[in-house]
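Reader: I have a structure open and would like to go through it. Can we start with the helices?
Author: Fine, here it is.

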Amino acid sequence: MISCGLKSLMTRRRALLGPRLVLALACSGYTLTAHAVDIQTFAPFTDNNPTVSVLGASPLEAGECWLGTFANYARQPVIATESDDSRPKLNSLSSMTVAPSCGITTNLGLLVSSSAYILNADVADNQANKATKVRLSDTNLLLRWSIVSRPTPYSGRSIAIAPILKVGKSATSPATGNTVTTGSDGHITGGIKLMYDQYFTPQHYFASNFDFAYRQSQELVAHKLGSEWRLGLAYSYLIEPLTSLSAFTEWQIRRPAALTPSTGIAISMEGQVGLNAKPFGERMGVFLAAGRRIGDGYGSPAARIFAGVEFTLSKVTPPAKPFVESEIPPPQLVEVGPGSLRLNLRDSKRRDIAFMLRGGSALTARSGTLMGGGPYFQSISPGIYTLDVKGIGITKRSEQFIVTPGVTSIIEVTPRTGGLLSIVVRLEMPPIQFETKKAVISDQSYGDLDRLAKILSDNEAIKVLAIHGYTDNVGVRARNVKLSLERANAVKSYLIGKGVSPQRLTAQGYGPDAPITSNDTELGRGRNRRVEFVIQAVTPSR
């Protein structure tokens, strides 16, 4: 009977892939000096990424920290290129990985990963399977520096580079007469990783990793392997933005740097698919995936299943502030060109209210989280859109609105008691000027109202436009309410005179109610004296 020793090392990237398992065969029929072969390409780092095995390049915010825990089961984690029943076999690998990560500066983050595992092994077909005790694997340290960061969430590309340091954990345990060892052959090893990712649209995400892993004098069945080149590609499709439900597929390949085509050792490849989601908001994600080897590579497992959870320990967000319309430069209405859209969360500091914007095509879908005064989308094709909004403890609500050429549509979302949402859609207009304390429109506003009348004439989908008048708080409230109503009616009459159907227009006066800024200064009072144009009904899209 051939006497053989079994030696293994583990590490891994969060995913279906489980910990990276390093196997060495020490058989009397072969001359082996150092015996370690990476079975997994990636270690399980946590970075709030929509894919699992391929690390993203976008940085965590400074002070933003995440923690992930991932369970993995791999069947036949080592597949040899040649069958030999006398050699030791690994039947299965079960592991649990803990992976914290934290942003250090704007573009620099530290990601850590460490696993505990159990191996099930035997020496010959006639012997019963034996499992080792729970053992610790290597600790992986990755310092990710984002060279190019995307300017806005869910759009554009990012590029990063990261050195990797792997600290070996030495431990042995018996497995049917063999010795299973975890660690990096007692050495500290590492490498370098290049990362690229891009959102083609908020629904379509692509990521790639290319890295070089350095190891000393490693062999597999008399073939010297040592260092490796590695490539991973991933694609994620956002199915349901309100819960961040995504489907993803990943592919990875590993090629030992020392191998030549004549060695007879096949290149290792794996593929995997899975789902991830954030059903409880942006602070927690869950993963479920499965994968298998592709071809006859020396390291890929026969099959793999994976489950994981990651959640934020601290999330850095900008301070909430009320939306102030006057902070935006007064718009200039034009008659042609695309439109714009500004979303705004009012009277709330919540950061878990998600939205999805849908147009006539899935490629126009956009998603994210609402905040005060944003996000802001430019160059949107004119047409009818649907906005879906949902948060923790808040009932999902949908609202249809129209994007018109040359105009910014503002959608204001306000959380109410009982888990309800108030959604108001209005057109952003230059301030309508009136003569002092009168409901007489100034000549300088005629051009703006003329262009608004043409926009209404060209967009029959706007069924009802409400004209809301407001004043400051100076004077008697009843007089202010009356003046605001008269000014709203003056604008209504002007638009009717330009050919707009009176059935499409309503007018209300609110006086000093609902100020957009403080009335303590003359500038603030001037901003509160305004007319708003609220779209109350549109022709439903099919």
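**Helices, cores and a surface patch**

Author: In helix H1, the buried residues are Asp448, Leu449, Leu452, Ala453, Ile455 and Leu456. Keep in mind that this is a predicted model.

Reader: Why are they on the same side of H1?
Author: Because they span an arc of only 160° around the axis.

Reader: How many residues does H1 have, and how far does it reach?
Author: H1 runs over residues 446–458, which is 13 residues, and it reaches 18 Å from first C-alpha to last. That is close to the 18 Å expected at 1.5 Å a residue.

Reader: OK, H2 then. Which residues are buried there?
Author: Asn480, Leu483, Ser484, Arg487, Ala488, Ala490, Val491, Tyr494 and Leu495 are buried in H2. Their arc around the axis is only 150°, so they sit on the same side of H2.

Reader: And which exposed residues are on the face turned away from the buried side of H2?
Author: Ala478, Arg479, Lys482 and Gly497.

Reader: New topic. Which residues have the most contacts inside the largest nonpolar core?
Author: Val389, Phe401, Ile411, Val491, Leu495 and Phe533, in a core of 48 residues. Another core, of nine residues, lies apart from it and includes Leu111, Ala160, Ala162 and Ile164.

Reader: What about the surface? Which residues make the nonpolar patch there?
Author: Ile104, Leu110 and Leu143 make a patch of about 230 Å².

Reader: Where does Ile104 lie?
Author: Ile104 is in the loop between strands E4 (89–103) and E5 (108–122). Its relative accessible area is 45%, so Ile104 counts as partly exposed.

Technical notes. Residues are numbered from 1 along each chain as its sequence is written. This is a predicted model: local features need pLDDT of at least 70, side-chain atom pairs count only at pLDDT 80 or more; totals for chains, interfaces and linings use all residues. Side-chain values use heavy atoms; hydrogens and water are left out. Patches are made of residues with over 30% relative accessible area and no salt bridge: like charges are joined within 9 Å, nonpolar side chains (Val, Leu, Ile, Met, Phe, Trp, Tyr) within 5 Å. Accessible areas come from the Shrake-Rupley method with a 1.4 Å probe; for residues, only the protein chains shown count as cover. A salt bridge is a side-chain nitrogen of Lys or Arg within 4 Å of a carboxyl oxygen of Asp or Glu. Helices (H or I, at least four residues) and strands (E, at least two) are DSSP runs, numbered from the N terminus. Buried means under 20% relative accessible area, exposed over 50%, partly exposed in between (1.4 Å probe, protein chains only). A nonpolar core is a set of buried Ala, Val, Leu, Ile, Met, Phe, Trp, Tyr and Cys residues joined through side-chain atoms within 4.5 Å. The arc is that of the directions from the helix axis to the C-beta atoms. The expected span of a helix is 1.5 Å times one less than its number of residues.
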